[in-house]
Amino acid sequence: MKMNGIIRFIKSLFGRYESGYEYWVYTKDIKVPKSYKFTRIGTEKWNHKMEHWLRTGEFESKILIDRNFNLVDGFSSMKIAHIKNIAKVPVYFVD
């Protein structure tokens, strides 16, 4: 691990995250806005995203969250994580 990676890790222990870097967080800590919960994902889009996850083990769309752990983008990836009982997911913080 490079020095910058070590510093970034130490900062994350204190809740200080940098934009543009991947972090792993517990799905239970990510707050999904109510408006997303009522969003319907089209069947074709859903099948494509699920097939991608089953084939690669990775989400097709990145999960973006703000500093308060509110979901900004990547609802379909969060839904897959929920259905598959994935405890931690890779996320990117946005300002």
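This is a predicted model: local features need pLDDT of at least 70, side-chain atom pairs count only at pLDDT 80 or more; totals for chains, interfaces and linings use all residues.
Modeller: Residues are numbered from 1 along each chain as its sequence is written, and side-chain values use heavy atoms, with hydrogens and water left out.

Colleague: How many aromatic pairs does a search of the whole structure find?

Modeller: Three. Rings of Phe, Tyr and Trp (its six-membered ring) pair if their centres lie within 6.5 Å. Planes under 30 degrees apart count as stacked, over 60 as edge-to-face and the rest as tilted. Tyr-36 and Phe-75 form one of these pairs, with 5.9 Å centre to centre and 80 degrees between the planes. That angle is over 60, so the pair is edge-to-face.

Colleague: What distant parts of the chain does the pair of Tyr-36 and Phe-75 link?

Modeller: Tyr-36 is in helix α2 (residues 34-37) and Phe-75 in helix α4 (residues 75-83), 39 residues apart. Helices are DSSP runs (H or I, at least four residues), strands are runs of E (at least two), and both are numbered from the N terminus.

Colleague: Why does Tyr-36 count as partly exposed?

Modeller: Buried means under 20% relative accessible area, exposed over 50%, partly exposed in between (1.4 Å probe, protein chains only). Tyr-36 has 23%, so it counts as partly exposed. Phe-75 has 17%, so Phe-75 counts as buried.

Colleague: What makes the pair of Phe-69 and Phe-93 edge-to-face?

Modeller: Their planes stand at 75 degrees and their centres are 5.5 Å apart, so the pair is edge-to-face. Phe-69 is in the loop between β2 (63-65) and β3 (71-73), and Phe-93 is in strand β4 (residues 88-93). Phe-69 has 16% relative accessibility, so Phe-69 counts as buried. Phe-93 has 1%, so Phe-93 counts as buried too. Tyr-23, Phe-69 and Phe-93 form one aromatic cluster.

Colleague: How do you know that the charged end of Lys-28 sits over the ring of Tyr-26?

Modeller: A charge sits over a ring if NZ of Lys or CZ of Arg is within 6 Å of the ring centre and within 35 degrees of the ring normal. Lys-28 is 5.2 Å from the centre of the Tyr-26 ring. Lys-88 also lies over the face of Tyr-26, at 4.9 Å.

Colleague: Which side chains of strand β1 are buried?

Modeller: Along β1 (residues 22-26), Tyr-23 and Val-25 point to one face and are buried.
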